[in-house]
Amino acid sequence: MASLKRTSSSVASLFQFAFFSSLPALEIQPSNGSNPSSTSPRKPSPKTRNAQKGSVSGSTYSCYTDLLKSCIARKALGPGKQLHARLCLLGLGFDPSIATRLVHLYCDCDSLRHAHLLFDRIPKRNNFLWNVLIRGYAWNGPYEAAITLYYRMLEHALLPDNYTFPFVLKACSALSAIGQGREIHEHVKNTAWEKDAFVGAALIDMYAKCGCVEDACAVFDVIHERDVILWNSMLAACSRNGCSYKSLTLCREMVLAGIRASEGTFVTTISASADIPVLPQGRELHGLSWRCGFDSNDRVKTALVDMYAKCGSVKVARTLFGLLKGRDVVSWNAMISGYAMHGYAAEALNLFEEMREQSFPDHITFVGVLSACSHGGLLNEGWKFFELMERYYNIVPTVQHYTCMVDLLGHCGRLDEAWNLIRQMKVVPDSGVWGALLNSCKIHGEMELAELALEKLIELEPDDAGNYVILSNIYAQAGKWEKVSKLRNSMTNRGIKKTVAYSWVEVKNQVHTFLTGDTSHPMYDEIYAELKRVEGLIKEAGYVPDTGSVFHDVEDDEKTHMICSHSERLAIAFGLITTPPGSRLLITKNLRVCEDCHVAIKFISKVTDREITIRDVNRYHHFKNGSCSCGDYW
């Protein structure tokens with residue numbers, strides 16, 4: 001280590017020698033009455049400063065400005081400060097051109113205190129100087145200072161330009177300051193920059209980060225000359241706010257408009273197709289990225305790894321992961337999380353051990369690892385990695401890590417340990433933590449702790465019907481019908497309605513959606529005929545319906561929603577009659593698969609000789625030959 005420090009010091013010394021050897025020689029004469037041997041700094045008088053400035057030739061002045069440019073390019077703060085001191089002795093410290101470059105240097109080096117002090121002492125401040133300091137705060141914070149400077153700029157009767165607006169809007173985005181963002185948008189409309197693509201991209205980003213997609217679309221629609229940056233901003237705005245289908249539609253429009261897609265285009269839209277998830281569109285983007293020359297781009301490949309894993313093709317994801325030239329923590333996390341959501345706990349943990357030899361895991365890595373342990377029921381391993389994360393990697397557990405551990409403990413029947421862990425948490429428990437505890441209570445029929453969990457969830461998510469339904473089901477399974485009735489009345493009084501369950505399957509690039517007991521599909525007769533045929537086969541194979549989740553006092557509009565016509569079964573029946581025999585089915589459901597459907601689908605996979613993949617709200621289930629990848633643990 002000492003050798004390393006000496007080497008680093010030597011390099012710095014060589015750089016400073018080379019840097020200052022290029023400066024013009026300057027001899028400073030002591031003033032009358034001063035001690036020539038004194039080393040105490042003295043502030044030059046105005047007369048002395050003017051004399052010194054006047055003595056600097058044009059070539060010398062140009063040399064100083066070029067050296068400052070070099071410092072800015074290299075972000076060389078130390079040499080820049082020394083040069084600043086020399087310029088002050090020359091009387092050039094507040095020269096508008098030189099001082100602007102110094103402010104630029106300090107901002108780029110995140111030394112905003114020095115930048116602001118110098119800025120306040122510069123007599124003539126142009127737009128560029130204001131923009132440099134606003135940008136510095138917009139990039140590094142405090143973001144409020146960037147907005148304050150913007151309004152100070154207006155007070156000085158300076159007109160913001162197409163650089164000012166993007167910088168201050170970036171600060172609004174960071175603060176989610178929608179009020180000030182809208183006000184600045186009005187300023188934009190009063191200038192010539194409303195249709196500028198650079199300003200438009202900043203407005204779209206600001207509205208997107210504040211959750212105002214419609215406003216972002218309105219900005220996008222006004223601008224007719226759109227470059228790839230503007231398109232990417234709009235794609236990201238839709239993807240970020242749950243409008244993934246619109247993001248994919250816009251991408252198609254962009255390509256048809258003749259705009260060449262960039263790396264950012266593919267990363268955003270591939271991620272959008274992963275969020276829905278829609279495998280055919282993801283494959284189209286995969287092919288387009290290769291045709292556009294991004295076949296060897298690791299960022300695009302990492303997005304593809306994530307997309308294929310989330311769309312159920314974990315084997316394809318693993319193949320692409322193996323083709324990466326350089327694996328960073330993002331790519332490792334994508335593959336580990338992919339294995340975890342599919343229930344492949346052993347594969348996820350083996351990959352994590354491989355990662356530890358090549359890269360340094362972060363907090364997201366451990367969310368994937370702990371999720372794998374939770375989905376695989378690996379209690380001892382989960383505790384080991386939870387402790388390893390904090391003790392060895394100095395990663396403070398976040399609420400996501402605690403959620404995984406509560407879920408793991410709860411599924412394993414360690415409800416007291418899960419409750420104790422929640423009480424010892426170093427962060428405030430969120431709805432994910434309490435939801436994990438409530439779900440665990442449902443599995444093990446623990447009413448008292450479930451009631452406590454629901455109380456906390458009502459504080460955090462008062463309108464989420466799913467939480468009430470889980471506790472209602474716990475009461476019903478225990479025969480506590482009075483409590484069921486009281487809870488349902490509470491839901492009615494609060495105006496809370498049960499979330500409608502639905503499933504969808506994509507066949508020949510068309511999505512078909514089904515509700516429980518749905519009779520609206522054009523192929524209704526064929527679907528129910530197939531469902532009846534399959535039910536006969538699975539009953540012959542040993543399937544016995546479990547009607548424990550269908551209670552005698554359900555509401556009228558739910559009485560037809562019986563076990564045999566749950567939405568995932570209708571989607572499977574449709575898939576069986578519209579796809580070739582032996583082909584794989586991929587079904588997505590917006591809620592958790594119920595226990596009886598899980599058993600039934602295992603039988604269906606066996607009697608139809610089909611691989612059936614179900615993605616529910618929590619994870620993937622791969623059914624094949626009468627068994628599920630989750631090992632009946634979910």
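Me: What makes Arg327 a charge over the face of Trp332?
Reply: The distance from the ring centre is 5.3 Å. The rule asks for NZ of Lys or CZ of Arg within 6 Å of the centre and within 35 degrees of the ring normal, so Arg327 qualifies over Trp332. Arg226 likewise lies over the face of Trp231, at 5.5 Å from the ring centre.

Me: What kind of model is this, and which limits apply?
Reply: The model is predicted; local features need pLDDT of at least 70 and side-chain atom pairs 80 or more, while totals for chains, interfaces and linings use all residues. Residues are numbered from 1 along each chain as its sequence is written, and side-chain values use heavy atoms, leaving out hydrogens and water.

Me: How many helices and strands does the protein have?
Reply: The protein has 31 helices and six strands. Both are DSSP runs numbered from the N terminus: H or I of at least four residues for helices, E of at least two for strands.

Me: What sets Lys75 apart in its phi and its accessibility?
Reply: Phi of Lys75 is near 50°, a positive value in a residue other than glycine. Most residues other than glycine have a negative phi. Lys75 sits in the loop between helix H3 (58-74) and helix H4 (77-89). At 54% relative accessibility, Lys75 counts as exposed. Asn625 has a phi near 55°, lies in the loop between strand S5 (620-624) and S6, and at 53% relative accessibility counts as exposed.

Me: How do you know that the peptide bond between Gly141 and Pro142 is cis?
Reply: Omega of that bond is about -5°. Most peptide bonds are trans. Pro142 lies in the loop between helix H7 (127-140) and H8. The bond from Ile276 to Pro277 is cis too, with omega near -10°, and Pro277 falls in the loop between helix H15 (263-275) and helix H16 (279-291).

Me: Why is strand S3 called largely enclosed?
Reply: Four of the five residues of S3 (residues 585-589) are buried, so the rest of the structure largely encloses this strand.

Me: How do you know which strands S3 pairs with?
Reply: Strands pair if DSSP finds at least two bridges between them. Three bridges join strand S1 (residues 502-507) to S3, running antiparallel, with Ser503 partnered by Lys589. Four bridges join S3 to strand S4 (residues 612-615), running parallel, and Thr588 stands opposite Arg615 there.

Me: What makes S2 and S6 edge strands?
Reply: Strand S2 (510-515) and strand S6 (627-628) each pair on one side only. The open sheet has the order S2-S1-S3-S4-S5-S6 with mixed pairing.

Me: Why is the unit of S3, helix H31 and S4 called right-handed?
Reply: S3, H31 (residues 595-607) and S4 make a right-handed β-α-β unit. The term means that, with the strands pointing away from the viewer, the path from the first strand over the helix to the second runs clockwise.

Me: Which residues touch the most other members of the largest nonpolar core?
Reply: Val103, Met234 and Leu437 do, out of 151 residues. A core is a set of buried Ala, Val, Leu, Ile, Met, Phe, Trp, Tyr and Cys residues joined through side-chain atoms within 4.5 Å. Not counting residues up to four places away in sequence, Leu437 touches Val406, Leu415, Ala418, Ile422, Leu449 and Ala453. A second, separate core of 27 residues includes Ile572, Ala573, Val593 and Cys597.

Me: Which residues form one aromatic cluster?
Reply: Phe352, Phe360, Phe366, Phe385, Tyr392 and Tyr393 form it. The whole structure holds 20 aromatic pairs. Rings of Phe, Tyr and Trp (its six-membered ring) pair if their centres lie within 6.5 Å; planes under 30 degrees apart are stacked, over 60 edge-to-face, the rest tilted.

How values were computed. Buried < 20%, exposed > 50% of the residue type's maximum accessible area, 1.4 Å probe, protein only. Contact = heavy atoms within 4.5 Å.
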